[in-house]
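Student: I have a model open and want to check the labels attached to it. Can we take them one at a time?

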Amino acid sequence: MKTEQNNLDRLKGKNPFTVPEGYMEGLTANIMSQLPEREPEEEVKKVSLMDRVRPWLYMAAVFAGLGLFFKVLVGPEDKAAKTDSLLVKTEVSPASVSALQAVEDEEYLEYLEEQYAGYILAEEIGETE
């Protein structure tokens, strides 16, 4: 007895599946007869105020919990931590500020005088040539 090795060549181009006669004509009626009879639900559920507010309450609780968590994590502020700061507070008297301002003004005036003297000198040299 000889066994076929490749059955696909024999079925090439043909559909091996078939539908029984008259199956599609009565399909819808057959399925509908098997379903239980029920009226469609027309009742609309009312949403209560608590159902509307609940997500906002949950969100507020999450933020409050995070705030407390970070407060515990960071710890309370104490005076020792503030004194260990790298920033140094210095107090400068108004007299020293005005003295520094006067020195800066004097240096600026000297700079302007040098620039103006150089400009005048350049003009005189330019005229004599």
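Student: Why does V74 count as exposed?

Tutor: This is a predicted model. V74 has a relative accessibility of 69%. Exposed means over 50%, so V74 counts as exposed. V74 lies in helix α2, residues 49-74.

Student: What confidence does α2 have?

Tutor: Its mean pLDDT is 93, the highest in the chain. The lowest is in helix α3, residues 79-83, at a mean of 56. The chain as a whole has a mean of 81, and 84% of its residues reach 70 or more.

Student: How many aromatic pairs does a search of the whole structure find?

Tutor: The search finds one. The rings are those of F69 and F70.

Student: What makes the pair of F69 and F70 edge-to-face?

Tutor: The ring centres are 5.4 Å apart, and rings pair within 6.5 Å. The planes stand at 65°. Over 60 counts as edge-to-face, so the pair gets that name.

Student: Why is F69 called partly exposed?

Tutor: F69 has a relative accessible area of 48%.

Student: Which residues make the nonpolar surface patch?

Tutor: F69, F70 and V74 are among them. W56, M59, V62, F63, L66 and L73 also take part. The patch covers about 1,000 Å².

Student: How many helices and strands are there in the chain?

Tutor: Four helices and zero strands. From the N terminus on, the order is α-α-α-α. Buried residues make up 1% of the 129 residues.

Conventions
Residues are numbered from 1 along each chain as its sequence is written. This is a predicted model: local features need pLDDT of at least 70, side-chain atom pairs count only at pLDDT 80 or more; totals for chains, interfaces and linings use all residues. Side-chain values use heavy atoms; hydrogens and water are left out. Rings of Phe, Tyr and Trp (its six-membered ring) pair if their centres lie within 6.5 Å; planes under 30 degrees apart count as stacked, over 60 as edge-to-face and the rest as tilted. Buried means under 20% relative accessible area, exposed over 50%, partly exposed in between (1.4 Å probe, protein chains only). Patches are made of residues with over 30% relative accessible area and no salt bridge: like charges are joined within 9 Å, nonpolar side chains (Val, Leu, Ile, Met, Phe, Trp, Tyr) within 5 Å. Accessible areas come from the Shrake-Rupley method with a 1.4 Å probe; for residues, only the protein chains shown count as cover. A salt bridge is a side-chain nitrogen of Lys or Arg within 4 Å of a carboxyl oxygen of Asp or Glu. Helices (H or I, at least four residues) and strands (E, at least two) are DSSP runs, numbered from the N terminus. pLDDT is the predictor's confidence in each residue, from 0 to 100.
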